[in-house]
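Dear colleague,

I am handing over the structure below, and my notes on the ligand and its surroundings follow it. Please read them with the model open beside you.

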Amino acid sequence: MKINKIIPLSIPNISGNELTYVKDCLETGWISSAGKYVEIFEEKVKNYVGSKYAIACMNGTSGLHVSQLVLGLNPGDHVITPNITFVATLNSIKYNGASPILVDVNLDDWQMDYDLLEEYLEHNTFFKNGYTYVKKTGKPIKIIMPVHVLGNVGDIDKLIFLAKKYNLKIIEDSAESLGSYHNYKHTGTFGDMGVFSFNGNKILSTGGGGIIVTNNNDLAKKAKHLTTQAKISKEEYIHDKIGYNYRMVNILAAVGVAQMEQLTKFLDSKKNMDKFYRNQLSGVGDIEFQKVGDNVKPNCWLFTFRTKRMRNLLEFLNNNGIQSRPFWVPMNQLEMFKNDIYITKSDSSSLIYEQCLSIPSSSGITKIEQLKVVEQIKKFFLK
Ligand SMILES: Cc1ncc(COP(=O)(O)O)c(C=O)c1O
């Protein structure tokens, strides 16, 4: 079959009230960071995820940057995070002059390997004055920042256990996990703070945007303060800290409000797609799916699977109108992070990177497009 149109990997789905609300911003002149849609958006997200507070910001990266600051991260401190993530997770740590401790991931669910981390903490750290210090660097570990990779969720019980035992604050990098639950509790709400992204390829998009959620009033106030230039007077330009111009603008929040109205529809579509791909691709070639725990309800954001023939399949699909992408290069392999601590035994991250492939997963993908994707993958494995 000749395919003329490319089936995209993951594009926004603008099919609701987006234009009406943006028009409202333009017509009333409320286009910047003050305006009703920012607060409506925050209200909708916090009600949806079940957090007490939400602070909308420019993007997920800025949310991660500020969350670390309000939790008291200082230059030189360590932050624990998985080795398989998008580079922004790591960049946000480096913005604060802190040092990541990279943890290898599990081969089955592709999330942080907490057993490996536990072993490391037991043998390579010491506890002094309420903090856990790394023996090798003499620096404290202040924060653990798990990433809910692809909207899947790892071992939350172990995460909380380790955070308590070693007195670590938790920031969940929930950039990809809006709509994902663990034991009926929404991601982003297990730790001290959670951060979501509304980047163009996410399940819900504002073009670019992010939001911090927390149940702690003090942290919420500090995050709002820092994201809005740390201004302490309404009328006068008095600031008490180095603040940031990180507040989400009203036009983008207007898009976000319209998108939140459709979130259930987006999630249903992704879940049906996930079911279809799993049914159709099960037993095809050497394909292996990402494992999802019994207590996890993922948002099925971006369908990704493993195959030893990843590179050839990637080329084949991209040449045949099916936009596909490899997984992230493991963080320890990037020049900027190659000297940071990397906890591993068998470097599963490398294998995951060499074998994982993401295929078209937009919430607006049609059944016919899904069939075409499957057809091409089957064709490849028959060759
Ligand atoms: C895991 C992860 N962390 C952080 C980010 C950064 O979010 P943003 O692009 O909104 O800054 C993204 C997505 O882009 C992501 O996938």
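Helix 3, helix 4, strand 10 (193-197) and strand 15 (325-326) each contribute at least two residues to the lining of the largest pocket, with helix 3 giving the largest share, three residues. Helices (H or I, at least four residues) and strands (E, at least two) are DSSP runs numbered from the N terminus. A pocket here is an open set of points on a 1 Å grid over the protein atoms alone, where a 1.4 Å probe fits, with protein on both sides within 12 Å along at least five of seven lines, and its lining residues have an atom within 4 Å of a point.

This is a predicted model, in which local features need pLDDT of at least 70 and side-chain atom pairs pLDDT 80 or more, while totals for chains, interfaces and linings use all residues. Residues are numbered from 1 along each chain as its sequence is written, and side-chain values use heavy atoms, without hydrogens or water.

The lining of the largest pocket comprises 31 residues, and Phe86, Glu176, Asn201, Lys202 and Trp328 lie nearest the pocket centre.

The ligand sits in this largest pocket (more than half of its atoms lie within 2 Å of the pocket's grid points). Around the ligand are 15 residues (each with a heavy atom within 4 Å), the closest being Gly60, Thr61, Asp173, Glu176 and Ser197. Among the polar contacts (N or O pairs within 3.5 Å), ligand oxygen atoms lie 2.4 Å from a polar side-chain atom of Thr61 and 2.6 Å from a side-chain N or O atom of Glu176.

Best wishes

Methods:
A polar contact is a pair of N or O atoms within 3.5 Å; within protein, one must be able to donate a hydrogen and the other to accept it, and residues adjacent in sequence count only if both atoms are side-chain atoms.
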